[in-house]
Structure formats: structure tokens, C-alpha cells
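Work through the exercises below with the sequence and the 3D structure at hand. Each task is followed by a solution in steps.

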Amino acid sequence: MKIADKKVVLIHYTLKNKSGELLDSSEGHEPLAYLHGMGNIVEGLENALTGKQAGDKLEVNVEAAEAYGEYDESLVQPVPRKEFGDHPVEVGSQFHADTAIGPRIVTVTAIEGDDVVIDANHALAGEDLNFNVEIVEVRDASEEELDHGHVHGPGGHEH
Ligand code: ZN
């Protein structure tokens with residue numbers, strides 16, 4: 001079975017940045033399961049996997065724009081300290097926040113007087129990525145999975 005929209009795909013992967021630094025890997029874990037064509041994984045990787053099948057191994061280089069986006073200076077903004085309520089805030093703290101571009105994990109990059117400077121860029125924004133992928137399994141998605149837009153069971157959502 002070839003990878004196409006609405007197929008469930010299980011992959012083992014190793015992710016490195018341009019300088020060869022290891023960022024993430026499924027090695028030693030269950031393979032990652034995702035629903036193809038639904039934007040569950042970065043666009044550049046998803047495109048490269050289309051038409052491939054179980055057993056295929058590939059190396060995919062994805063430019064920042066097709067991965068987690070270019071680094072956007074406008075996503076770095078001061079927020080009044082009082083908006084964090086009783087939460088301890090220090091440089092490096094991370095919070096879930098509703099931003100202009102949807103829910104994001106934001107990172108505190110500086111504290112300036114009564115303001116906390118937060119960065120809503122993805123931690124990998126601006127990074128060109130290198131994936132080494134082995135396709136473990138390709139199967140049809142259940143109706144429920146298509147309904148939810150994600151995979152259930154091993155490597156996917158447990159609910
Ligand atoms: Zn679900």
C-alpha cells in the first residue's frame with residue numbers, strides 16, 4: 001500500500017538540524033503514527049512521503065519555510081508581568097498561550113522591568129531540518145480516525 005491522503009503511516013525517524021545536531025528520534029520508542037495529508041507532520045516531510053511504502057527508507061531535507069516556519073521577530077513581544085498572575089516567571093519559562101496565530105507554547109526570553117518578553121516562535125523556527133525516515137507500516141484509517149483528524153492506538157492518540 002502506497003502512502004496517500006487519509007492513510008495511517010507509521011515511521012521511525014531521526015531529526016537533525018543543518019549542523020548535524022540530533023534534535024529528536026523515535027529510536028527506542030514506538031514508531032510515530034500520523035494521518036497523511038492532514039498536516040499532522042511538517043509539510044516538507046509529508047510531501048516527500050507521498051507515494052512511498054512500508055520498508056522504504058529516505059533522507060529528506062526540509063527548509064525552514066516548509067518545516068516550522070521562518071523565525072518571525074514580530075512574535076517576540078512584551079507582556080505585562082501581572083498577566084502571569086501567581087505563576088513564577090523566569091527567563092526560559094514556557095507557557096501555553098492563546099496568540100494571534102492560535103494556541104502556542106511561548107518562551108520567556110527576557111524580563112524588562114514590569115514587562116515579560118515572550119517569544120511565540122516554534123523552538124525549531126528558522127531551522128532547516130534533516131529527517132532520516134524508515135516507513136514501518138501503511139494502513140487505511142478508520143472512520144473515527146478520519147473524523148478526529150489523527151491516529152488512534154499505538155504511536156497515536158490514546159483516548
Ligand atoms: Zn481521536
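Buried means under 20% relative accessible area, exposed over 50%, and partly exposed in between (1.4 Å probe, protein chains only). The model is predicted: local features need pLDDT of at least 70, side-chain atom pairs count only at pLDDT 80 or more, and totals for chains, interfaces and linings use all residues. Residues are numbered from 1 along each chain as its sequence is written, and side-chain values use heavy atoms, leaving out hydrogens and water.

**Exercise 1.** Find which side chain of opposite charge is nearest to Asp 119.

Solution. Step 1: strand S8, residues 115-119, holds Asp 119. Step 2: Asp 119 is buried, and the nearest side chain of opposite charge is Arg 104, 7.5 Å away (Lys and Arg count as positive, Asp and Glu as negative; His and the chain ends are not counted). Step 3: Asp 119 has no salt bridge (a side-chain nitrogen of Lys or Arg within 4 Å of a carboxyl oxygen of Asp or Glu).

**Exercise 2.** State how far apart the C-alpha centres of domain 1 and domain 2 lie.

Solution. Step 1: the domain assignment, automatic or from a database, gives domain 1 as 7-68 + 125-148 and domain 2 as 73-119. Step 2: their C-alpha centres are 30 Å apart.

Key: Helices (H or I, at least four residues) and strands (E, at least two) are DSSP runs, numbered from the N terminus.
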